[in-house]
Amino acid sequence: MTYRDELAPMVRIEVVVNGDDVALVRDLLQASGVGGFTMVSGVAGLGHAGYHQGSLLFNEHASQALLLAVTPADRADALIAGVRTLLSERPGVMFVSDCYVGRPEYFA
Amino acid sequence: MTTVVAEQHDLDARRARVRAEAVLASRVVPVARPLDEFVAVNPLAGFEDQAFGDAVHAAQELYGIRGYLPETSYRALYHQGRIVEADLRWAIRTRPPLEPDGSAPHPDRQTVGAESALVDELLTATIPEPASRSVRTAAEHHDAAMGTDLALEIDQHAIRWCAAYLGAEAEWRLPGREAGLYGAWRDLVVLDPTLDPGARRLLSRLPERSDDAVLDALERLGVDPGQHRCVFRAELSALPGWAAHIRWRAEQHHDIDLLDYLAMRLSYTTVLVDRISDTAAGRAWSATGLGGSASFGMSEAPWLDDPGRFGSAPTGGGDAGEGTLDARHRLDIWQAALERGFRSQLLDSLGGRRSFEERAVEPDAQIVCCIDVRSEGLRRAIEGQGRYETLGFAGFFGVAITWEPMSGGGAVASCPALVSPRHTVAESATGSVREMQRYRRGLDGESGALDGLHDAKSTPGAAFVLAEAVGWITGPAAALRTVAPRRWSRATRWVHRRAVAEPASGVELDGIPLTDRILTARTALTTMGLGSFAPLVVLCGHTSSTAANPYEAALRCGACGGHTGGPNARVLAAILNDAEVREAIRRGVGAIEIPAGTLFLAAEHDTTSDTVRILDPGSIPPTHRGQVDRLRGDLDAAGEQHAAERCADLPGAPEPRHRRHARRHVARRANDWAETFPEWGLAGNAAFVVGPRSMTSGLDLQRRVFLHSYDAALDQDGLALETILTAPLVVAQWINCQYYFSSTDPDVFGSGTKTVHNAIGTVGVLAGRTGDLQLGLPRQSIAVGDQLVHEPLRLLAVVVAPLERVASIIDRNPSLRDLVAGEWITVVARADPDDEWATWTVQGWADHDEGARR
């Protein structure tokens with residue numbers, strides 16, 4: 001028996017987008033029935049377009065944000081389709097991975 | 001069962017994709033905030049990742065806009081001497097026509113003779129007719145093929161429903177509004193008597209969800225999924241004003257959905273096309289029209305080839321037309337030459353060694369004003385009154401707050417649109433409980449009377465009774481208000497003061513934790529380069545008070561979200577007077593020592609009447625009263641001087657015999673409800689200077705330059721400069737572009753003449769009774785008659801700082817880099833007064849005068 005046998009499988013979706021695209025990702029999360037998410041604003045890092053500065057003091061739109069959502073697999077496809085469409089034109093990245101949670105009712 | 005689940009998953013994915021496509025499509029639409037929160041924005045913000053010329057070209061295809069002055073205007077400016085030949089030749093050299101294969105020009109084409117030929121061509125080439133919008137909606141495509149008026153009909157339906165849904169202040173609210181635009185419309189449209197029964201029957205079968213309605217309509221119109229975004233862009237750009245406001249509401253208030261709007265428009269399209277298809281001609285069109293080519297007239301639109309980017313064809317080269325330069329390239333050269341003239345003059349005038357000299361005399365007071373170009377004139381006038389030092393800083397003073405006024409009026413977000421309020425600050429009475437109770441009673445009485453009057457005016461039966469009861473007095477009152485606006489204003493203020501005795505007030509800092517107050521204080525002082533302090537430091541926000549002016553917010557402080565800057569100044573002054581804060585910033589790295597005898601005081605400049613009011617006078621200790629009294633007198637004199645200077649530019653202003661008359665005149669304009677030119681706002685803005693005031697003091701910059709104080713020596717880590725270049729500079733660029741495009745295209749990205757404006761609550765204005773919501777600034781903000789007052793020049797940023805620091809900031813901030821690389825902003829810099837100005841380019845720093853000599 002492993003820890004997985006006691007946990008519920010879920011899909012973890014992490015999206016890094018520009019500050020002014022956060023509203024769309026939140027909209028997609030809501031429209032896909034994903035009830036909750038975690039957001040870290042002002043993330044810094046190096047991408048294929050170069051270095052991205054982290055938090056700017058008085059400009060929340062120009063910095064990037066990380067949104068993390070965990071959802072049952074049956075809702076993930078729609079969200080992934082929407083985010084892929086967004087990233088066809090806008091800068092950002094999406095990571096999708098399997099994960100396990102102890103209280104699946106929190107993500108229903 | 002598995003099939004059903006798979007179908008549901010597929011439908012969910014299609015819904016999510018279409019939602020994302022709609023939002024991506026909406027990025028080409030500007031953001032239109034309501035009138036009471038109006039702040040300048042770049043109407044082409046969605047195109048800022050492209051070079052300016054490419055962005056204008058893309059927007060021209062979408063909206064049919066003019067992104068430059070007409071060529072005839074440039075030629076006239078050349079003949080008037082405003083554009084000189086040397087600048088024109090410089091522009092040609094720096095923007096040479098490429099070879100037909102797109103490569104750099106051959107040296108044979110860069111001789112003086114070839115250059116002269118290009119000058120001739122610029123002056124004589126045949127000017128093409130202005131191109132109109134080439135992107136078409138499905139309905140426009142149908143109209144072009146069939147001679148119908150479907151596009152107009154759909155626009156009219158959409159306008160009617162949007163006005164009913166969004167006009168939240170309307171007395172008669174749209175039934176079923178809580179179901180959203182699409183839900184309410186779907187329930188009610190089947191009762192619309194302007195539609196024929198067949199159309200109503202078709203509309204009664206629409207799906208419950210707007211995303212499903214959009215997907216159905218796209219399928220019926222035969223639109224390939226790869227073209228969804230193109231179709232949405234065409235629909236959204238048909239009525240850019242309404243689309244822009246819906247975009248803002250969807251992003252900020254979430255009480256409307258872009259898909260609802262698109263679903264409504266596309267459903268009308270399918271239904272009205274279906275009705276016409278019943279005819280023989282309609283059947284013929286259906287066979288070859290939308291379901292056939294599905295081009296929507298957009299085959300020429302560059303985004304069909306690459307939905308991720310608009311065209312970026314190099315200028316010149318293959319599309320040369322009759323001469324060497326095509327029309328687009330000619331306009332690019334003319335604009336660069338026009339800007340060159342202003343920029344060279346400005347840079348030549350900025351101080352050399354004088355810029356970096358220490359001040360000889362300690363000032364009696366320091367006055368920190370907003371970077372707004374209007375402050376430049378006031379600062380000059382104040383400095384002329386005595387030993388005053390002035391500084392420039394973003395008018396929200398680094399305090400991003402939600403402000404709750406004591407009057408109980410609605411809380412406002414008093415900060416730039418780039419940030420969200422971080423704290424809530426309330427205004428509180430400092431007087432006795434009895435005073436506060438009397439004030440409350442007065443407020444309740446006044447608001448009750450006004451509410452009653454409003455209800456009586458807007459209730460059908462009561463309106464007649466009201467007219468009978470008080471109509472006899474409103475005529476004479478209106479006449480008095482028209483012929484004697486200042487007296488009227490004085491009288492109403494007197495009545496207000498009698499009815500509502502306003503007690504002394506202060507600001508409550510409890511909502512801002514001490515750590516944040518310390519951070520705010522340190523950031524503000526470092527960013528404005530304030531390291532040594534006079535006994536009195538005045539933080540002067542600004543406001544504007546005008547009568548019957550829907551665009552009043554556009555004249556207020558852009559850094560405060562279109563609100564007044566006084567509250568922010570009061571909050572920062574209170575923070576900097578806080579002993580705990582002073583003690584904290586005195587310690588640690590970058591210690592700032594504020595002398596115990598230094599008092600921070602808030603003030604507010606009314607830019608229309610040129611009065612400066614000291615705020616929170618109750619907070620002035622006896623030690624500073626004499627000095628504040630002298631300052632009051634000097635601020636009054638400075639206001640009079642500035643008003644006299646402004647009168648020379650205001651249309652219809654008499655030549656004042658005395659400065660006092662000038663101030664009386666501008667006060668009259670502020671109170672005159674028939675005045676369409678209360679002030680010029682930020683017209684003329686063209687440059688943004690980041691550096692010490694000593695570099696610009698003594699110069700008359702004619703209220704054309706944003707001035708941000710900065711001292712590179714106090715900012716060793718470059719954080720203050722990064723804050724300036726990523727926030728105030730960006731806001732200044734929005735303002736610059738708002739004025740620019742309102743001037744080059746007053747009909748699409750300007751709101752036309754005020755004289756026919758009709759306000760829909762605070763949503764926006766219409767030009768006349770119906771039509772699109774008007775975007776941008778009214779004509780009276782940029783021109784007198786046909787004569788432009790605002791000369792559309794892109795922003796020049798002048799920075800005094802080490803070049804590597806400036807370049808590093810640009811490189812690590814992609815949005816800023818796009819603006820500079822795309823020529824939305826030109827950045828010139830130098831670290832030392834002995835240095836030449838250098839211009840930032842993608843290849844590195846270049847001598848500003850490169851290309852000027854041959």
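Among contacts in chain B between residues at least 6 apart in sequence, what percentage join residues at least 24 apart? In this predicted model, the figure for chain B is 72%. Chain B is built from 29 helices and 19 strands. Its C-alpha trace extends over about 90 × 85 × 65 Å along the principal axes. The radius of gyration of chain B is 29 Å, and because a compact globule of 854 residues would have a value near 29 Å, the two agree. Of these 854 residues, 48% are classed as buried.

Arg374(B) belongs to helix 16 of chain B, which covers residues 373-383. Why does Arg374(B) count as buried? The reason is that Arg374(B) has 26 C-beta neighbours inside 10 Å, and a residue is buried if 20 or more other C-beta atoms lie within that distance. Beyond its neighbours within four places in sequence, Arg374(B) is in contact with Thr607(B), Leu682(B) and Arg703(B). Arg374(B) and Asn685(B) are 311 residues apart along the chain, yet 9.4 Å separates their C-alpha atoms.

Attention now turns to chain A. This chain contains three helices and six strands, arranged from the N terminus in the order α-β-α-β-β-β-β-α-β. The C-alpha trace of chain A spans about 50 × 25 × 25 Å along its principal axes. Chain A has 108 residues, 38% of which are buried. Of the contacts in chain A between residues at least 6 apart in sequence, 78% connect residues at least 24 apart.

The interface brings the two chains together. Here 28 residues of chain A are in contact with 27 residues of chain B. On the chain A side, the elements that supply two or more residues are helix 2 (22-31), strand 4 (50-52) and helix 3 (73-87). Helix 3 of chain A contributes the most, with eight residues. By class, the side of chain A that touches chain B consists of 14 nonpolar, nine polar and five charged residues.

Methods. Residues are numbered from 1 along each chain as its sequence is written. Chains are lettered from A and ligands numbered from 1 in the order in which they are written. This is a predicted model: local features need pLDDT of at least 70, side-chain atom pairs count only at pLDDT 80 or more; totals for chains, interfaces and linings use all residues. Two residues are in contact if their C-beta atoms, placed from the backbone, lie within 7 Å. Helices (H or I, at least four residues) and strands (E, at least two) are DSSP runs, numbered from the N terminus. Ala, Val, Leu, Ile, Met, Phe, Trp, Tyr, Cys and Pro count as nonpolar, Asp, Glu, Lys and Arg as charged, and the others, Gly among them, as polar. A residue is buried if 20 or more other C-beta atoms lie within 10 Å of its own, exposed if 12 or fewer, and partly exposed in between; C-beta atoms are placed from the backbone. The radius of gyration is taken over C-alpha atoms; the globule rule is 2.2 Å times the number of residues to the power 0.38.
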